[in-house]
Amino acid sequence: MAIDKIPQHRREAISQAVHQAYQDAEIDLDTLKPGIVPLYRLIQSYPISVDEIQDMTAQKVAEFLEVETGQTILIPEDKDCLLAGYLYLQQYQDSLSGCILTEKRPSAAPIFRRRFSAAHELGHYLLHFLPLLEINRRNRTSEPLIVTEGLYNPKQEEAEQDIFNGELSITDGLDTILENLGIDRNLMEAEADCFAGELLIPEKGCYELAKRYQGRFGKKLDVLVGRLAPEFLVSKSAMKQRLIDLNIVGKLPKVLV
Ligand SMILES: [Zn+2]
């Protein structure tokens, strides 16, 4: 689902979550240099570890998590299918822990894709998991809450577009969360993608670099996308979406030719 389908009140919630993430990691967005953002520092301010698994299949994820958490992990039917990312969150009584796993082999998952997957999962944590925890706390639910998501690799024709097939599963409460947030299930994926784009490409740095490149390369959107994507270590499609969302080209100063 496209990011532009996200209703305004949720766009605001996503921006707030991005700002909260920077604040929690004590990173000042106003003084952050334009370029690659310190993603792992952002994630590590939460009780979430980050790890990589080579040739990551559902089977390997389950084995890894069983050692890490001591829990038996249900393996999906398609246990040998390669995954691009995986999220595991667990809350039981007062303890909250989680981990984000990404593919280790660069030829299977280039670094910009791994970063986008990890940022997408952090988005689920802040946008969907934390509000659910809050609801559970208010309702004094004592059942353990487990959230998992396997991100499947994009299909060949979608490889440039960051279209992941996420399968989010929550032990209990998915309907409550959707009702409370006023969104449908498909929107959760678009929201996590939107969060990832906003987190990895802060507005101020994006504008500054676009302005710098404009002098040399002009205002053509595709040219700016090609120049800026490697600067932020994101895919061209994520870069393009963000430039359009921010209307960066429209905001650039007029230059005399
Ligand atoms: Zn997802």
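Is Glu-26 buried or exposed, and how many other C-beta atoms lie within 10 Å? I looked this up and recorded Glu-26 as exposed, with 8 other C-beta atoms within 10 Å. For this entry a residue is buried if 20 or more other C-beta atoms lie within 10 Å of its own, exposed if 12 or fewer, and partly exposed in between, with C-beta atoms placed from the backbone.

**Basis.** I note that the model is predicted, that local features need pLDDT of at least 70 and side-chain atom pairs pLDDT 80 or more, and that totals for chains, interfaces and linings use all residues. Residues are numbered from 1 along each chain as its sequence is written.

**Whole chain.** I find 10 helices and five strands; these are DSSP runs numbered from the N terminus, helices being H or I of at least four residues and strands E of at least two. Of the 257 residues, 34% are buried.

**Backbone at two loop residues.** Most residues other than glycine have a negative phi. Glu-26 has a positive phi, near 55 degrees, and I place Glu-26 in the loop between α1 and α2 (39-44). Asn-247, also not a glycine, has a positive phi of about 50 degrees. I located Asn-247 in the loop between α9 (236-246) and α10 (248-251). Asn-247 counts as exposed, with 9 C-beta neighbours inside 10 Å.

**Helix α6.** I checked the span of α6: its 16 residues reach 24 Å from first C-alpha to last, close to the 22 Å expected at 1.5 Å a residue. The expected span is 1.5 Å times one less than the number of residues. α6 is mostly covered, with 12 of its 16 residues buried; among them are Met-188, Ala-192, Phe-195 and Leu-200.

**α1 against α6.** I next examined helix α1 (residues 8-24) and helix α6 (residues 185-200), whose axes come within 10 Å and cross at roughly 45 degrees. That makes α1 oblique to α6; angles under 35 degrees count as roughly parallel, over 145 as roughly antiparallel, 65 to 115 as roughly perpendicular and the rest as oblique. Axes are lines fitted to C-alpha atoms, for helices over the stretch in contact, and angles run from 0 to 180 degrees between N-to-C directions.

Which residues meet here? From α1 I list Arg-10, Ile-14, Ser-15, Ala-17, Val-18 and Ala-21, and from α6 Glu-191, Cys-194, Phe-195, Glu-198 and Leu-199. Contact requires C-beta atoms, placed from the backbone, within 7 Å.

Methods
Contact = placed C-beta atoms within 7 Å.
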